[in-house]
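Biologist: Hello! Could we go through this model together, one question at a time?
Modeller: Gladly, here it is.

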Protein chains: 2
Amino acid sequence: MNVEEIIKTAKKMPLETRTLIHITLIHNKIYEHVGNALKPFEVSLQQFNVLRILRGQKGKPANLSTLNERMVTKMSNTTRLVDKLLAKGYVDRNVCPSNRRKVEILITKSGSEVLSKMDKVVAEAEHDIVQHFTKQELEQLNLLLDKF
Amino acid sequence: MNVEEIIKTAKKMPLETRTLIHITLIHNKIYEHVGNALKPFEVSLQQFNVLRILRGQKGKPANLSTLNERMVTKMSNTTRLVDKLLAKGYVDRNVCPSNRRKVEILITKSGSEVLSKMDKVVAEAEHDIVQHFTKQELEQLNLLLDKF
DNA sequence: CCGTTCCTTTTGTTTTAACAAAAATTTATC
DNA sequence: GATAAATTTTTGTTAAAACAAAAGGAACGG
């Protein structure tokens with residue numbers, strides 16, 4: 001991926017700026033590829049993330065705020081993400097008996113099943129994106145990214 | 001930035017997945033910091049990008065499609081981005097005399113002036129984001145990012 | 001020329017995200 | 001125990017992005 005070619009500039013830009021534009025371009029690429037992989041399932045990347053988090057709970061229900069703190073979106077939108085998954089039958093939602101302000105969200109059997117299918121295509125998409133990296137390069141990259 | 005801490009997982013995830021989540025988190029950070037820096041000017045990051053591209057034209061007008069291919073958004077939204085900048089008096093828009101399908105967009109004096117002020121705060125924000133990197137590390141990072 | 005096709009931009013619609021505030025319940029204080 | 005304050009979630013609204021299609025003009029082939 002050649003930054004200068006993509007944004008069509010001949011001008012030399014500061015290294016800091018180039019780095020951040022670079023990250024943005026890569027992010028777009030990730031978003032597009034993974035989003036496309038999920039398209040047949042008719043779920044957004046965010047919905048996929050919710051399902052993954054719920055699976056990580058291993059049967060333990062998650063509150064909305066738990067989901068939310070593990071995601072990038074705003075609380076109010078997390079509610080509506082869950083609404084969509086509920087409509088598809090991929091999650092259950094109940095008021096928490098010990099604290100009726102809270103809700104408990106669980107992934108359903110149907111949700112787990114479709115999630116494992118999604119995993120496959122997402123893993124492929126991810127692999128495509130990093131195909132030009134060796135394992136060592138990826139490790140090196142992660143070390144550098146940790147500095148942000 | 002500790003990925004595992006942010007997404008609150010103890011589970012070891014595949015290196016490829018970790019890398020891509022990492023990039024997404026960094027992108028969010030960039031978007032948030034730079035967006036905040038621009039907030040006092042009441043322009044979005046995308047509007048700022050349009051202005052920067054127009055300045056890069058050095059007086060030569062840009063067509064919408066030129067703007068668009070240097071950005072990540074869809075054509076239809078580029079029209080509306082320019083609408084907003086027009087309303088603020090930061091750009092001029094005229095139909096191209098040699099081909100009346102096209103439009104010619106130019107940055108105005110007023111646009112150039114605010115852009116140079118924006119540059120300052122954006123450069124600061126960018127510098128903040130990469131503050132933990134040495135120049136060499138940034139160069140190394142860019143080499144790795146080129147592999148995407 | 002006239003119709004067809006292609007190119008560039010705009011308009012319309014739907015979905016998603018951001019921002020603000022309200023509703024419902026629990027906890028704390030007096 | 002009533003009132004206020006804090007916590008958790010939902011609802012409402014506005015702004016931005018994604019998707020689809022139409023409008024307007026240019027180019028081309030007969």
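**Core, contact and DNA**

Modeller: Let me begin with the core: the largest nonpolar core has 54 residues, and those with the most contacts inside it are V50(A), L54(A), V50(B) and L54(B). Such a core is a set of buried Ala, Val, Leu, Ile, Met, Phe, Trp, Tyr and Cys residues joined through C-beta atoms within 7 Å. Buried means that 20 or more other C-beta atoms lie within 10 Å of a residue's own, exposed that 12 or fewer do, and partly exposed is in between, with C-beta atoms placed from the backbone.

Biologist: Between which domains of chain B does this core lie?
Modeller: Domain bounds come from an automatic or database domain assignment. Both domains give residues to this core, so it lies between domain 1 (1-41) and domain 2 (44-117) of chain B.

Biologist: Thanks! And how should I read the model and its labels?
Modeller: This is a predicted model, where local features need pLDDT of at least 70 and side-chain atom pairs count only at pLDDT 80 or more, while totals for chains, interfaces and linings use all residues. Residues are numbered from 1 along each chain as its sequence is written, and chains are lettered from A and ligands numbered from 1 in the order in which they are written.

Biologist: Which element gives the largest share of the side of chain B that touches chain A?
Modeller: Contact here means C-beta atoms, placed from the backbone, within 7 Å. The contact takes 41 residues from chain B and 41 residues from chain A. Helices (H or I, at least four residues) and strands (E, at least two) are DSSP runs, numbered from the N terminus. On the chain B side, the largest share, 14 residues, comes from α2(B).

Biologist: What axis relates the two chains?
Modeller: Chain B can be laid on chain A with an RMSD of 0.1 Å by a turn of 180° and a shift of 0.0 Å along the axis, superposing by least squares on the C-alpha atoms of residues with pLDDT of at least 70 in both. That is the relation of a two-fold axis.

Biologist: Is S76(A) buried or exposed?
Modeller: S76(A) sits in helix α5 of chain A and is among the closest of the 18 residues that surround DNA strand C, where near means a C-beta atom, placed from the backbone, within 6 Å. With 8 C-beta neighbours inside 10 Å, S76(A) counts as exposed.

Terms used:
Contact = placed C-beta atoms within 7 Å.
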